[in-house]
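Q: Could you go through this structure with me, one topic at a time?
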Amino acid sequence: MNEKLEEIVARVIAELKRDGITPPDEANLVPVPAGNGTGTSGDLVIDLPDPTVESERRRLRVDNPYDADGLRNLCATTTARIGIGRAGARPRTASLLLFQADHAVTQDAIYGIINEDTKEKQKLFTVHSRAADRSEYLLRPDLGRRLTDEAKAIIQERCIQQPDVQICIGDGLSAAAISNNLGDIYPVIEQGLSSAGLTLGTPFLIENCRVGIMNDVNTIVQAKVVLLLIGERPGLGIADAMSVYMGFDPQPGKSDADRDLICMITTHGGTNPLEAGAYVVEVVKRMIQHSASGVKLRALSGGED
């Protein structure tokens, strides 16, 4: 048994060395206390470096590359998983651990909830879509596009009617996107629209929200423009990206062709929230000027971005 364990440890250390990771010395090989079920003591546990830190995430793992500088430059241009090397037909241990860590982050984003501080700072009340819980939300996108009867009543009671712009926040597929970015982008949008002389509706949060819910919202508030700030589908590496969907007079039956969008809003390799907020304000001003959005807005404004 001990011989087999030593063989496994030797193989792991050899793979770590091939990956450019310095294996722990004897001081870091921690004995497992006796009574672990094997009847022996002295088994070893090896601590690996955190694969998510930037130095490990960007480490080149190809043995003896033909053009090391070229490969390094190529990897620097993308967040795609290239230059990771192979262990036979399998990914190397460090690459597999990084993949699993990133996948865990996406699961946290999808099943997470927006923190209470974010709601309180923007004075958001909460309503719900017809998706009863997260599992139903993922299986039934159509239910995420409709408000419950209770939500409609709350919006009717608490929201300003017929504003120029109604801002809604939706958790979407990443609660982290809202928690991490709303505090930066919301004040820019609010101040920019107010400075342009536009009236703002009462902001609120929609849980288990899909983009099409904008249409349902505007049957109640009757705003000229509706903005939906919503969490995007997380990717392996970036799980807190936000999108802003914008529509002029969204109503049932309107589709993505009637909306404008700015996506990948994040400080982690996307559009900075402050810059995105300023762009949203300019798009809204054009929507109000031309009484249109989406494809119609592009046609009327000559394709101006």
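Q: Where is N64 placed?
A: N64 sits in the loop between α2 (54-57) and α3 (68-76); helices (H or I, at least four residues) and strands (E, at least two) are DSSP runs, numbered from the N terminus. This is a predicted model, in which local features need pLDDT of at least 70, side-chain atom pairs count only at pLDDT 80 or more, and totals for chains, interfaces and linings use all residues. Residues are numbered from 1 along each chain as its sequence is written, and side-chain values use heavy atoms, leaving out hydrogens and water.

Q: What is the phi of N64?
A: Phi is near 45 degrees, a positive value in a residue other than glycine.

Q: And is N64 buried or exposed?
A: N64 counts as exposed because its relative accessibility is 75%. Buried means under 20% relative accessible area, exposed over 50%, and partly exposed in between (1.4 Å probe, protein chains only).

Q: Switching to M264: which strand holds it?
A: M264 is found in strand β8. M264 also has a positive phi, about 55 degrees, although it is not a glycine. At 29% relative accessibility, M264 counts as partly exposed.

Q: What is the strand order in the open sheet?
A: The order of its 6 strands is β3-β5-β4-β6-β7-β8, with mixed pairing; two strands pair if DSSP finds at least two bridges between them. The edge strands, β3 (125-128) and β8 (259-265), each pair on one side only.

Q: How many bridges join β4 to β6?
A: There are 6 bridges between β4 (residues 165-170) and β6 (residues 225-231), and these strands run parallel. G170 stands opposite I230 in β6.
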